[in-house]
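Hi,

Here is the structure I promised to pass on. Have a look at it first, and then read my notes below.

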Amino acid sequence: MGCCSSTEIKRDWKPLEERSCTDIPWLLIFILFGAGMAFICGYPIATGAASRLVRGYDSYGNTCGKNNTKIEGVPLSGRDMTENKYVFFLDPCNLDLINRKVKSLALCVSKCPAAELQTYNDVKQFSLNNGSHLCSYDISPTRYTSHADRSTKCPKLPVLPSCYAEFAQAFVTFVSDNSVLRRVVAGVMASKEIIMGLCLLAFVLSLIMMVVIRYISKVLMWILTILVIIGSIGGTGVLWWLYADHRKALENNTLSVFGKEVASDNVKALLVYSIGATIFTVVLLLVMFFMRKRVALTISLFHVAGKVFIHLPLLALQPFWTFLCLMLFWVYWIAVLLTLGTSGTAVKNNSTGLVEYQMQGPYQYLVWYHAVGLIWISEFILAFQQMTISGAVVTYYFTRNKSQMPATPILSSMARTFRYHLGTLAKGSFIITLVKIPRLILMYIHSQLKGKENACARCMLKGCICCLWCLEKCLAYLNQNAYTATAINSTNFCTSARDAFLILVENAIRVATINTVGDFVLFLGKVLVVACTAFAGVLALNYQREYTVWVLPLLIVSVFAFLVAHCFLSVFENVVDVLFLCFAVDSKYNDGSPGSEYYMDKALMEYVENTKKSGLYKPGDGHGQELKSMARGGTSA
């Protein structure tokens with residue numbers, strides 16, 4: 001189960017030809033954990049908490065809409081509330097935001113007021129006419145106007161249909177009084193069709209960008225190179241110009257003694273900055289010169305990635321399925337969390353005489369188990385998407401004859417993941433969970449101690465949070481490459497992570513180039529989608545000049561366009577990363593000779609030939625041998 005406990009079996013490199021189940025112990029652990037999550041879901045249902053959440057309950061432990069059992073020590077419990085199906089709060093606007101509950105006596109009633117009740121006599125008449133008691137059960141409706149405890153056991157006057165009416169009225173008043181906000185809201189409402197159309201345009205542009213970015217990546221590379229050269233040389237030139245100007249001013253004898261000292265310090269500082277900027281610029285330009293061939297690899301990978309999306313169009317839908325699965329799981333998680341809030345044993349609060357539900361003993365830790373489940377299962381769903389993408393792209397790369405590919409490579413990749421590699425996903429996602437939980441705990445502590453801790457403690461907390469965040473990102477990147485190695489060679493998680501790490505280290509310069517230049521190109525792609533969508537929005541909104549405030553509609557459209565572009569181009573980035581690992585393995589263990597032919601695409605083949613001609617291709621990168629052992633671990637299915 002650990003990283004060093006599996007028995008490795010050496011075998012020849014045969015991508016996709018041999019499949020075996022990986023990390024079975026971790027799959028069993030994940031299934032047991034899922035059974036625990038199911039128990040947490042069943043516990044509130046079995047104890048009646050789910051019924052209390054759906055039906056509502058009063059302050060005496062009675063669930064509305066059903067016949068209840070007596071609670072010892074609570075005289076007003078155990079009442080038949082079959083006809084009383086609604087919950088009525090005596091003071092619904094008295095909210096306890098810290099404990100997230102309404103600080104008010106709650107009753108089960110058969111009917112709630114539909115209109116405002118101004119006096120206790122109105123409350124009395126409503127109760128007598130409708131048979132719905134709005135005061136505590138131990139007070140007869142005829143005594144509403146004269147009872148001594150009516151201030152605590154009867155509703156606060158005036159009785160409103162809901163306290164939200166006050167909030168809504170206040171909001172409407174605020175909007176009416178604020179002319180700018182009124183115009184902004186009116187502009188959004190009048191432009192809702194345009195906003196929906198522009199959001200659809202952002203979706204279409206993102207899809208187009210995923211295909212055409214392979215054609216414009218070279219142009220974007222040149223743009224990046226020119227901007228870096230202009231910025232570095234221009235910045236250095238400005239520093240030297242400032243140094244010369246300050247030195248010339250210092251040579252003039254018009255300054256005071258104090259002014260000369262200040263000017264002399266500035267000249268020295270500018271000289272140091274200028275020399276440092278010059279050294280940095282020279283080093284940067286030299287690195288760019290020697291890495292220009294590495295940039296060509298990024299362009300080739302982008303070109304092949306565009307072909308992948310043409311052959312595997314369903315890859316573009318992966319963000320939708322993942323988002324849908326996450327939404328369904330999060331809705332389920334929140335529903336179970338709410339039922340846990342009403343779970344436990346009915347306990348009488350001696351200070352108020354009311355009933356509260358509290359989980360006691362080991363059951364009080366169910367919420368923490370549930371919280372861990374939120375992180376682990378969410379990461380598992382994201383890992384499943386990464387494995388699906390990796391499996392499909394690996395199938396594309398290592399299939400020489402593309403006409404022999406499966407009819408639906410995405411579905412085939414999903415099926416392989418379900419059958420063989422769920423344990424690997426469970427292990428990889430659990431590692432991310434182990435890092436994410438302490439980071440979230442530290443973030444919570446930092447938020448709770450904000451303004452109370454000293455500067456040293458605050459700095460230490462932020463440093464720990466930053467380190468954990470960096471570790472999480474590094475592990476996530478390694479996990480993604482480990483999933484790719486598993487998809488290629490059907491090895492367990494630790495073996496795949498080790499092999500992927502060694503390959504990435506051997507190609508460290510290439511990895512750095514792809515992750516910097518490639519990420520910048522994708523960022524420019526996102527900016528291009530947002531810019532085109534916003535420009536189209538300006539042209540469309542120009543036909544509604546009577547609504548001069550375009551800020552909110554354009555902001556909504558731009559944010560949505562960026563999110564959509566980010567989702568699609570993130571999938572594109574994953575595809576590029578998978579292609580690079582496949583290329584690195586292919587170029588290392590094959591050299592194009594008979595019996596050791598490359599699997600790579602023509603664009604990557606041209607890159608290899610060009611690097612060979614320029615002398616950058618190391619002899620050890622491909623020496624005619626077949627790939628031996630990315631060793632296989634795990635148990636055969």
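In helix α1, Ile-29, Phe-30, Leu-32, Phe-33, Gly-36, Met-37, Phe-39, Ile-40 and Tyr-43 meet a set of residues in helix α11, namely Leu-366, Tyr-369, His-370, Val-372, Gly-373, Trp-376, Ile-377 and Phe-380. Contact means heavy atoms within 4.5 Å. The residues of this contact between α1 and α11 split into 14 nonpolar, 3 polar and no charged. (Ala, Val, Leu, Ile, Met, Phe, Trp, Tyr, Cys and Pro count as nonpolar, Asp, Glu, Lys and Arg as charged, and the others, Gly among them, as polar.)

Keep in mind that this is a predicted model, where local features need pLDDT of at least 70 and side-chain atom pairs count only at pLDDT 80 or more, while totals for chains, interfaces and linings use all residues. Residues are numbered from 1 along each chain as its sequence is written, and side-chain values use heavy atoms, with hydrogens and water left out.

Now for the geometry. Two packed helices are described by the angle between their axes and by the distance between those axes. Axes are lines fitted to C-alpha atoms, for helices over the stretch in contact, and angles run from 0 to 180 degrees between N-to-C directions. Helix α1 (residues 24-46) packs against α11 (residues 366-397) at about 130°, with the axes 10 Å apart. That makes α1 oblique to α11. (Under 35 degrees is roughly parallel, over 145 roughly antiparallel, 65 to 115 roughly perpendicular, and the rest oblique.)

Another pair is α13 (residues 422-448) and α14 (residues 455-489), at an angle of about 165° and with axes 9 Å apart. These two are therefore roughly antiparallel to each other. Their contact holds 17 nonpolar, 6 polar and 5 charged residues.

Next, the inside. The largest nonpolar core has 81 residues, and those with the most contacts inside it are Val-308, Leu-315, Tyr-397, Phe-572, Val-575 and Leu-579. (Such a core is a set of buried Ala, Val, Leu, Ile, Met, Phe, Trp, Tyr and Cys residues joined through side-chain atoms within 4.5 Å; buried means under 20% relative accessible area, with a 1.4 Å probe and protein chains only.) Helix α17 (residues 551-589) gives the most to this core, with 17 residues. Apart from it lies another core of 25 residues, including Leu-76, Phe-88, Leu-134 and Cys-154.

As for the whole chain, 42% of its 637 residues count as buried.

Cheers

Terms used. Helix = DSSP H or I, 4+ residues; strand = E, 2+ residues; numbered from the N terminus. Buried < 20%, exposed > 50% of the residue type's maximum accessible area, 1.4 Å probe, protein only.
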